[in-house]
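Hello,

Here is the model I promised to pass on.

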Amino acid sequence: MAEQMKMSRRTMVASVALAGALAPLVQATPSHAQKAAVAVSPVDIASLPRVKVELAKPPFVHAHTQKAEGGPKVVEFTMTIEEKKIILDAKGTEVHAMTFNGSVPGPLMVVHQDDYVELTLINPATNSMPHNIDFHSATGALGGAGLTLVSPGEKVILRFKATKAGVFVYHCAPPGMVPWHVVSGMNGAIMVLPREGLTDGKGKDLTYDRIYYVGEQDFYVPRDEKGNFKKYETIGEAYAEMVEVMRTLTPTHVVFNGAVGALTGDNALKAAVGERVLIVHSQANRDTRPHLIGGHGDYVWATGKFRNPPDLDQETWFIPGGTAGAAYYTFQQPGVYAYVNHNLIEAFELGAAGHFVVTGDWNDDLMTSVLAPSGS
Ligand SMILES: [Cu+2]
């Protein structure tokens with residue numbers, strides 16, 4: 001085991017060294033970005049109202065208004081990075097996850113366009129790794145990653161203006177270890193709502209009654225010589241063999257919200273007939289193709305950016321890796337709907353599936369059993 005640890009550390013150091021080309025960029029960015037922010041900022045931040053947000057654990061989303069009230073605000077968030085062991089499936093497969101706020105994915109953050117996002121990011125001394133955050137919704141400094149690299153025992157505060165409306169991925173991006181941290185669970189999403197709320201692009205209001213956040217995650221768990229998934233004492237010990245599996249580009253698990261079955265049974269998503277539901281779906285690393293079996297995407301922003309009119313009446317939509325998308329659907333029938341990645345091998349064999357349990361009255365006009373299965 002000691003030898004394995006040495007190997008892991010050596011490989012990690014080598015990987016960091018290989019990423020040397022990126023390091024000057026990362027290190028050079030902060031001072032430049034800070035100066036630029038001071039020089040060109042047209043807004044007196046101190047004069048803006050501030051609101052503090054209590055984040056919710058996915059698939060739930062913190063309380064928010066859909067239409068902005070008043071002018072831009074500074075919206076304060078705090079996230080604590082947790083390195084923790086999580087169980088991926090009913091067989092007890094383990095990974096040493098890296099998480100924003102303890103969940104895979106990290107929480108969905110909601111603001112309005114032109115608000116300022118102010119994030120306090122805490123890396124407790126009990127962690128073993130440096131971490132940071134790259135917001136795809138932010139402009140400059142590697143999406144904030146260049147300003148937020150924190151070692152265990154440190155915290156950092158980043159503020160950026162949410163200039164673009166849409167749902168966007170955020171993820172950890174420490175020099176030399178980016179994919180490892182991302183596929184260990186360290187990603188989430190932010191939703192920047194248009195100030196007038198969601199519309200179909202032609203003036204029709206698209207207020208939602210419920211919102212759920214589904215974070216899809218690919219995991220790469222090494223196997224032993226008998227084909228069983230391996231367990232490791234520490235996060236560092238798993239590194240070298242996990243990278244070998246990552247380099248095959250073949251995940252061992254593709255799951256919604258951190259584990260096979262995390263959104264089924266008692267944890268199924270709930271809705272009622274007639275309710276308008278917004279599903280935010282992110283995949284920080286790999287392409288995906290969400291599909292609601294027995295339903296549709298009435299309005300879909302597959303690449304998640306709300307200034308584009310949504311696509312109508314979609315059966316399946318394509319979200320490229322590194323993107324968050326949003327789908328809006330009004331449920332028409334009661335029952336259990338599977339919400340899946342419609343690469344059905346990933347859904348049924350690797351875990352990328354959840355359930356909606358919908359209550360209400362059945363509409364015979366939409367569907368009826370004319371002849372139940374019977375002998376001919
Ligand atoms: Cu990290």
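The site of the copper ion is tetrahedral, with angles of 86 to 129 degrees among its 4 donor atoms (four donors count as tetrahedral if all angles lie between 85 and 135 degrees; donors are N, O and S atoms within 2.8 Å of the metal, or 3.2 Å for Na, K and Ca). This is a predicted model, in which local features need pLDDT of at least 70 and side-chain atom pairs count only at pLDDT 80 or more, while totals for chains, interfaces and linings use all residues. Residues are numbered from 1 along each chain as its sequence is written, and side-chain values use heavy atoms, with hydrogens and water left out.

Which residues hold the copper ion? His131 (ND1), Cys172 (SG), His181 (ND1) and Met186 (SD) coordinate it, at 2.1 to 2.5 Å. Along the chain, these donors follow the spacing H-x40-C-x8-H-x4-M. Cys172 sits in the loop between strand S8 (166–171) and helix H3 (178–182), and Met186 in the loop between H3 and strand S9 (187–193), so the pair ties together parts that are 14 residues apart in sequence (helices, H or I, of at least four residues and strands, E, of at least two are DSSP runs, numbered from the N terminus). Cys172 is buried, at a relative accessible area of 0%, and Met186 is buried with 0% too (buried means under 20% relative accessible area, with a 1.4 Å probe and protein chains only).

Now to a sheet: an open one of 6 strands runs in the order S11-S10-S13-S17-S15-S16, with mixed pairing (two strands pair if DSSP finds at least two bridges between them). Strands S11 (253–256) and S16 (311–314) stand at the edges, each with a single partner strand, so one side of each is left without a neighbour in the sheet.

Best wishes

Terms used:
Four donors count as tetrahedral if all angles lie between 85 and 135 degrees; four count as square planar and six as octahedral if opposite donors are over 155 degrees apart and all others between 65 and 115; anything else is irregular. Buried means under 20% relative accessible area, exposed over 50%, partly exposed in between (1.4 Å probe, protein chains only).
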